[in-house]
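Student: I have a protein model open and would like to learn how to read it. Can we go through some features one at a time?

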Amino acid sequence: PGDPLKPISNIASGGELSRLLLAFYSIFIAHIETPLLLFDEIDTGVGGLTANAMGAHLSQLAQSKQLICITHLAQIARYANQHIVVSKSTQDSFTKTHVNVLDAQEKM
């Protein structure tokens with residue numbers, strides 16, 4: 001109360017914005033021409049049954065669009081068709097980024 005209306009981008013976190021986009025994409029998926037959807041930090045502040053439901057929902061969206069989801073939760077990652085681990089290491093004052101596509105054995 002007493003605060004003026006503000007743009008949602010000024011008051012929502014990255015995770016909240018991602019979840020809002022997920023809701024919009026879910027409703028309007030048939031009208032979205034973009035072939036790729038990217039969700040980053042959609043799992044911030046979420047866990048347990050909510051994360052599992054979100055993962056199932058993301059999996060459903062992935063039936064009609066290419067979907068990339070950066071997540072830290074197993075409940076969401078378990079629905080993915082492919083898992084990629086991105087890591088960093090420092091050697092001799094240089095930081096290197098490593099990208100590894102996991103095979104079925106490495107997912108266990």
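Student: Is Ser93 buried or exposed?

Tutor: Ser93 counts as exposed, at 74% relative accessibility. Buried means under 20% relative accessible area, exposed over 50%, and partly exposed in between, with a 1.4 Å probe and protein chains only. This is a predicted model, where local features need pLDDT of at least 70, side-chain atom pairs count only at pLDDT 80 or more, and totals for chains, interfaces and linings use all residues. Residues are numbered from 1 along each chain as its sequence is written, and side-chain values use heavy atoms, with hydrogens and water left out.

Student: Where does Ser93 lie?

Tutor: Ser93 lies in the loop between S3 and S4. Strands are DSSP runs of E, at least two residues, and helices are runs of H or I, at least four; both are numbered from the N terminus. Asp92 lies in this loop too, between strand S3 (84-91) and strand S4 (94-101). Asp92 counts as exposed, at 64% relative accessibility.

Student: What should I look for in the phi angles?

Tutor: Most residues other than glycine have a negative phi. Now look at the loop. Asp92 is not a glycine, yet has a positive phi of about 55°. Ser93 is not a glycine either, and its phi is positive, about 70°.

Student: Which residues make up the largest nonpolar core?

Tutor: First the idea. A nonpolar core is a set of buried Ala, Val, Leu, Ile, Met, Phe, Trp, Tyr and Cys residues joined through side-chain atoms within 4.5 Å. Here the largest one has twelve residues: Leu22, Leu37, Phe39, Ile42, Val46, Ala51, Met54, Leu58, Leu61, Leu67, Leu73 and Ile76. Strand S1 (36-40) and helix H3 (48-61) are the elements that give two or more residues to this core. H3 gives the largest share, four residues.

Student: What is Leu58 in contact with?

Tutor: Contact means heavy atoms within 4.5 Å. Leave aside neighbours within four places in sequence, and Leu58 is in contact with Leu22, Phe39, Ile42, Leu67, Cys69 and Ile76.

Student: How do I describe two packed helices?

Tutor: Two packed helices are described by the angle between their axes and the distance between the axes. Axes are lines fitted to C-alpha atoms, for helices over the stretch in contact, and angles run from 0 to 180 degrees between N-to-C directions. Helix H2 (residues 14-28) and H3 pack at an angle of about 45°, with their axes 11 Å apart. That makes H2 oblique to H3. Angles under 35 degrees count as roughly parallel, over 145 as roughly antiparallel, 65 to 115 as roughly perpendicular and the rest as oblique.

Student: Which residues meet there?

Tutor: From H2 come Arg19, Leu22, Tyr25 and Ser26, and they meet Met54, His57, Leu58 and Leu61 in H3. By class, this contact has five nonpolar, two polar and one charged residues. Ala, Val, Leu, Ile, Met, Phe, Trp, Tyr, Cys and Pro count as nonpolar, Asp, Glu, Lys and Arg as charged, and the others, Gly among them, as polar.

Student: Is Ser18 buried or exposed?

Tutor: Ser18 is buried, with a relative accessible area of 10%. Ser18 is found in helix H2. Neighbours within four places in sequence aside, Ser18 is in contact with Phe39, Asp40 and Ile42.

Student: What is the relative accessible area of Ala56?

Tutor: The value is 33%, so Ala56 is partly exposed. Ala56 is found in helix H3. Ala56 and Phe24 are 32 residues apart in sequence and 16 Å apart in space, C-alpha to C-alpha.

Student: Where is Ala104 found?

Tutor: Ala104 is found in helix H5 (residues 104-107). Ala104 is exposed, with a relative accessible area of 60%.
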